[in-house]
Amino acid sequence: MKLKRILSLIAAGALAVPMLAACGGGESNAELTQDSDGNYVYSEQVELKIPVYDRGTQGQAPVDDNYWTRYIQENFGDKHNIKVTFVPITRNDDVAVFNRLLAAGEEPDIIFSYDYPVAMEFYSKGALQEINEEDFKKYAPTYYEYTADTQKYGKLEDKMYFFAATRPDFDSYVTLVRTDWLEQCGLDMPKNRQEYYEMLKAFKENNCGGEGTIPATKVLGNAYYANYDFRPYPMDEREKALYSDISVASLTYEATKEQLKWDNQLYNEGLVSPNFYLDTDESQALADFTSGKAGVFSGYLPNQLLFQTLQENCPDAKVDVLEAYDPPMPGRKYWGFGMLSGISARCEHPEAVMMYLEWMVQEENLFALQNGVEGKTYNMEDGVPMLVTDYTGEERLMNGTNKDLWCVVTESVDYGSEEANKKVQKHTYTPAGYEYLIDEIYTKAEANKPYLYEDTLFTVQIQSLSTYKADLLEKWKTYFTDLVTCDPSEFDAKYEQYCTEYLNAGYQAILDEKAAAYDAGQYLQE
């Protein structure tokens, strides 16, 4: 640990050399004073560089220059004599983009990630400065109070390095089932894995989607492999620490082996997408479901294209959420925070970041960013803002109702009660006629809640994970494809071979380092 801290300090020192390029552009002699209204104002303009995800959404204004970035400048920046510059971060390559900017000394003043291990990488590289908690309370008192429940995620060795957005309790990821196919087969919604299997067989045998029916869509996923159906419950804490990870697949874990065998069975019986290994972005799975060819599809709401295209192609189609099994199966619980953010080690004015958070968390500002302009982007109905989803004027909201701007505060919109949230979600997450899906999502979530658990959060960087995860991901994709598509008689031999190769390629080093960290108590504990 001493060596690790020394290396971290060396890394921090290396980054600190060009610190005079802080907060956007050269050494600043700006002083902070308060005006007659109590607002903090810089004596000379400083630049604050804020990251914003670029998701490549077609037809959308540039993420770094649009009505809402200008709104922030006019309503926050101008008031404090701060020039706010937005830095586009490619969403599907965000870690690499941040690392390139850090290497060039051009990173934004906030460095963020949804993944705790990635945030730990930035910390261990010395890319982040310690946050003065008293200053945070001074310049961002409302934000500090608003995020009281997430502050434990931001501290390392009792020092504050991150501020963590809140996460309202709603998950829009769903598995949809063609219930008209269930009716055609004389079946009810499956309540366990065996009934699910029987449903898929019935879809195939009855040719519910016509020639080439695909009972359930499947894609070539990333390192996150949901093997929860085969995990023991409750799960041993040390076992969870070693094998539950979203950044590297747990190939050698017994639950993963059993899940792979299950997937192999479904594939060989023709119950899932035959060419799933060519579908890396769910585009083919979506096309198969919306064309009426497939009976099961998993994805995030809102997805207006899904329902619109399905109705166009199959006017009589009915869909519903795959219900919770009885008894419910264990599953992954989201960490209790949304976006996890730190302040760049080079940032000369960390208080400007804090002031930005304080402005953003104010109810009127957060409401405006999440809903837009009344009469244009939303209308009030019974005290709840209902978005105008087809508005095309310049005030239109950016991707996910401007989420990539306000994600530093909260993970999703919260209108203060489940009833109000449901009303908005039924309007914005689903088209007319599918509002019942929101009720089903809440019902399933409530049934599953006691069986969910968070992945272990290590409070030290697992260095081997950073070193090997990219290579292991490529190996995993190859092994996964072969193990799912091979003849069942070949499975065991191939699995043993791939496990040996995987361990030798760095996975053993990851397991060893995780075990050592867990045994030393270097993980977040309640």
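Predicted model: local features only at pLDDT ≥ 70, side-chain atom pairs only at ≥ 80, totals over all residues.
**The cores**

Begin by selecting I72, F76, I82, F136, F163 and Y356, the residues with the most contacts inside the largest nonpolar core, which has 77 residues. Next, select helix α13, residues 350–361, which gives the most to this core, with nine residues. A second, separate core of 60 residues may then be displayed by way of M235, A241, L472 and Y498, which are among its members.

Return to F163 and show its surroundings. Beyond its neighbours within four places in sequence, F163 is in contact with residues including I110, I131, F136 and Y143. V353 and L357 are also among the contacts of F163.

**The salt bridges**

The whole structure holds 29 salt bridges. Select E107 and R346, whose side chains meet in one of them, at 2.8 Å from N to O. E107 lies in the loop between α3 and β5, and R346 in the loop between β13 and α13, so the pair ties together parts that are 239 residues apart in sequence. E107 counts as buried, at 5% relative accessibility, and R346 is buried as well, with a relative accessible area of 8%.

Proceed to R178 and D180, which form a salt bridge with their closest N and O atoms 2.8 Å apart; both residues are buried.

Then select D482 and K494, where the closest N and O atoms of the salt bridge are 3.0 Å apart. This pair links helix α18, which holds D482, to helix α19, which holds K494. K494 counts as partly exposed, at 22% relative accessibility.

Finally, select E418, K422, K426 and D439 together: a network of salt bridges links these residues.

Key: Residues numbered from 1 in each chain as written. Heavy atoms only, no water. Core = buried A, V, L, I, M, F, W, Y, C linked by side-chain atoms within 4.5 Å. Buried < 20%, exposed > 50% of the residue type's maximum accessible area, 1.4 Å probe, protein only. Helix = DSSP H or I, 4+ residues; strand = E, 2+ residues; numbered from the N terminus. Contact = heavy atoms within 4.5 Å. Salt bridge = Lys/Arg side-chain N within 4 Å of Asp/Glu carboxyl O.
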